[in-house]
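Let's take a walk through a protein together, one feature at a time. Have the sequence and the 3D view ready so that you can find each residue as we come to it.

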Amino acid sequence: VACKTKANTTRAGEFRCPTVLAINTITNNIYVSDPINNRVQVFNSSCEHLFTITDHMKFPSGISCYGDYLYVTQFNNHAISVYSTDGSYIRSVGREGNKQLQFKCPLGICVSDYTKLVYVCDRDNGRVQILNLKLSFHSFISGLIKPVDVKVVRHEVLEIYILDRKNPCLHVYNYKYQLIREYISFGNEYCQIINSFHFCVDADLNILMTDSSACRVVIFNKERKVVQQFGVNGNNLGEFSNPRGIAIDADGKIVIASQNSNFSIQFF
């Protein structure tokens, strides 16, 4: 563990409920949503606070970096906003509804370097809405229950991973948005995922998933076998309370946001 921040305040560099995070692969800066404080906080890889983004923020619940831009889901505004990575507000789109460019409680977001598209978990509409980089409508992936996180991965082929709150279930789609496989139950009887909102995928296509109820991180390979798990409930370094956001930085470190009594960002 490299470092952590801990607090329950509105002061810069401290949190009330850190939820999701994204890594800028150019600068290795870490963007962390602090939704109860209606802001995104930015840290360097040494966990030093750099600046805070508050403009047009209303319960930010998803973050994705793309080049010099930051895409954020606004859960309470039912909208998607774009910022420069220095925090300058650029534009927003969306309002509450179930039509194109309308959302109902958007959560996870992923901007793909490969497709140049923006994938948004439109949770209470049971779909992932796909936009272009300027936030015009592109298409839907429908038939979901409560999608909460999404990642676009390219190894031998391009695949779209969507975490649904049913069970939980991880759906995998091809580039034509056709369902190709599902992970309905993760692990084995000794390591079942209980309660997950966030995941990431590493270069070997291992799935790293936070398990909020069990206060741990579980790593699965492509065959759903448990490769590793770590973390216990607690307030010390290397321990979690309600771990949520997870990402891998440019140096290969796993970065995790956890809530409740821990209020921390930790590096492994």
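Start with Lys253, which is partly exposed because its relative accessible area is 22%, a value between the 20% limit for buried and the 50% limit for exposed. Keep in mind as you look around that this is a predicted model. Lys253 has a partner: it forms a salt bridge with Asp251, and the closest N and O atoms of the two are 3.5 Å apart. Asp251 has a relative accessible area of 55%, so this residue counts as exposed.

What lets such partners come together? Side chains of opposite charge can pair when their charged atoms come close. How many salt bridges does a search of the whole structure find? The search finds 10. Some of them share partners, and in this way Arg123, Asp124 and Lys146 are joined into one network.

Two more pairs deserve a visit. In one, the side chains of Arg127 and Asp122 meet in a salt bridge with an N to O distance of 2.7 Å. Are these two residues buried or exposed? Both Arg127 and Asp122 are buried. In the other pair, Asp149 and Lys151 meet through their side chains at 3.0 Å, N to O. Asp149 counts as buried because its relative accessibility is 5%, and buried means under 20%.

Lys151 also leads us to the pockets. Rolling a probe the size of a water molecule over the atoms shows where empty space is left. The largest pocket found here has a volume of about 960 Å³. It is lined by 41 residues, and the closest to its centre are Thr25, Cys110, Lys151, Val152 and Val201. Several strands give two or more residues to this lining, including E1 (21-23), E9 (106-111), E13 (147-154) and E21 (243-248). What kinds of residues make up the lining of the largest pocket? They divide into 24 nonpolar, 11 polar and six charged.

The second largest pocket has a volume of about 200 Å³. Of the 13 residues that line this pocket, Thr19, Phe59, Ser61, Leu107 and Arg244 are the closest to its centre. Its lining divides into eight nonpolar residues, four polar and one charged.

For our last stop, go to strand E19 (residues 216-220) and strand E20 (residues 226-230). These two run antiparallel and are joined by four bridges. Ile219 stands opposite Gln228 in E20. The hairpin of E19 and E20 has five residues between the strands, and in this hairpin Arg224 takes a positive phi near 70°.

Key: Residues numbered from 1 in each chain as written. Predicted model: local features only at pLDDT ≥ 70, side-chain atom pairs only at ≥ 80, totals over all residues. Heavy atoms only, no water. 1 Å grid on protein atoms, 1.4 Å probe; cavity = no way out; pocket = protein on both sides within 12 Å on 5 of 7 lines; lining within 4 Å. Points joined across faces, edges and corners; volume = space filled by probe spheres on them. Nonpolar A, V, L, I, M, F, W, Y, C, P; charged D, E, K, R; others polar. Pairing = 2+ DSSP bridges. Salt bridge = Lys/Arg side-chain N within 4 Å of Asp/Glu carboxyl O. Buried < 20%, exposed > 50% of the residue type's maximum accessible area, 1.4 Å probe, protein only.
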